[in-house]
Amino acid sequence: MRWSVVSPLRIVLLDDHALIREALKIRLSLETDFKVMGVFKTSRELNEGLRNQAIDLLVLDYQLANDELDGLRLIQSIRKQYPDLKIVIFSSAEHPATINLCIRAGVNGFVGKTQETDELLRAIRIAAKDRIYLSPTVAAELEKLPRAPVTQEQQQQVDGEQALAEHPDLSPKEREVLRCFLEGMSVSQVANKFSRSRKTISGQKQSAFRKLGIRTDSELFKLQAHLRGI
């Protein structure tokens, strides 16, 4: 992708925090080769904006409000609808496993909110050139993650998890929480991952259980096994 002061890079932002949205808009607008085309606080607003104008790159927060899609599903949805759109994640969810999921889902870069703003500018320019941006520290952490080949049994497990996590009666946050439990995470671990209280996570888990017609973790995994044909 080529862009310049005459033909600037067209960028939109999605973040549910007003101060961050406004600060990013001001900072990016100072770059003469960037043009901020829209600033959004919800995925619905973003989808409308993407439908109505041509965009080159999206700066996206991974963690949004409780009634929003979880970050991974939103990335997958956007990537499916707009395969050529460049996506840079700007988020406080700086766990290596989360970053790895984002990269595998098709994002072009990940910048933590603890990093300097100049790194976000650098990430945007690298992503616009169809390259992947990761800080050296993050890249080193990702190299430590296991990369074992996916077996047929593991693929069946993924299919079962996806069928459960995409159950039409579940809310976006219930799907998000359920996916974490299917990966073996505890209530405390899920609460820590999404910066929510244990009470909130527990409530979302129990709500999901009621909608699925189950009461225990054992029944959850039996249902998962049934859906993947075991």
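**Helix packing and selected residues in the predicted model**

The protein comprises eleven helices and five strands. The structure described here is a predicted model. Of the 230 residues in the protein, 45% are buried.

Two helix pairs were examined for their packing geometry. Two packed helices are described by the angle between their axes and the distance between the axes. Helix α3, spanning residues 71-81, packs against helix α4, spanning residues 96-105, at an angle of about 15°, and the axes of the two helices are 9 Å apart. Because angles under 35 degrees count as roughly parallel, α3 is described as roughly parallel to α4. The crossing of these two helices is right-handed. On the α3 side, the contact is formed by Leu72, Ile75, Gln76 and Arg79, and on the α4 side by Leu101, Cys102 and Ala105. By class, the residues of this contact comprise five nonpolar, one polar and one charged.

Helix α4 also meets helix α6. The axes of α4 and α6 come within 10 Å and cross at roughly 90°. An angle of 65 to 115 degrees counts as roughly perpendicular, so α4 is roughly perpendicular to α6. In this contact, Pro96, Ile99 and Asn100 of α4 meet Val138, Glu141 and Leu142 of α6. The residues of the α4 contact with α6 divide into four nonpolar, one polar and one charged.

Helix α5 comprises twelve residues, 117-128, and extends 17 Å from its first C-alpha to its last, which is close to the 16 Å expected at 1.5 Å a residue. The buried residues in α5 are Leu120, Leu121, Ala123, Ile124, Ile126, Ala127 and Ala128. The elements covering these buried residues include strands β1 (9-14), β2 (34-40), β3 (57-60), β4 (86-91) and β5 (109-112), together with helix α1 (18-29).

The phi angle of Asp130 is near 65°, a positive value in a residue other than glycine. Most residues other than glycine have a negative phi. Asp130 has a relative accessibility of 53% and therefore counts as exposed.

Asp130 is also among the contacts of Lys86, a residue located in strand β4. Lys86 has a relative accessible area of 12% and is therefore classed as buried. When neighbours within four places in sequence are left aside, Lys86 is in contact with Met1, Asp56, Leu57, Leu58, Asn108, Ala127, Ala128 and Asp130. Two of these partners, Ala127 and Ala128, are included in the buried residues of α5.

Arg10 is situated in strand β1. With a relative accessibility of 30%, Arg10 counts as partly exposed. Arg10 and Phe34 are separated by 24 residues in sequence, yet their C-alpha atoms are 6.3 Å apart in space. Residues up to four places away in sequence not being counted, Arg10 touches Lys35, Met37, Ala54, Ile55, Asp56 and Leu57. Asp56 and Leu57 are contacted both by Arg10 and by Lys86.

Terms used
Residues numbered from 1 in each chain as written. Predicted model: local features only at pLDDT ≥ 70, side-chain atom pairs only at ≥ 80, totals over all residues. Heavy atoms only, no water. Axes fitted to C-alpha atoms, helices over the stretch in contact; angles between N-to-C directions. Helix = DSSP H or I, 4+ residues; strand = E, 2+ residues; numbered from the N terminus. Parallel < 35°, antiparallel > 145°, perpendicular 65-115°, else oblique. Left-handed = near helix turned anticlockwise from the far one by under 90°. Contact = heavy atoms within 4.5 Å. Nonpolar A, V, L, I, M, F, W, Y, C, P; charged D, E, K, R; others polar. Expected span 1.5 Å × (residues − 1). Buried < 20%, exposed > 50% of the residue type's maximum accessible area, 1.4 Å probe, protein only.
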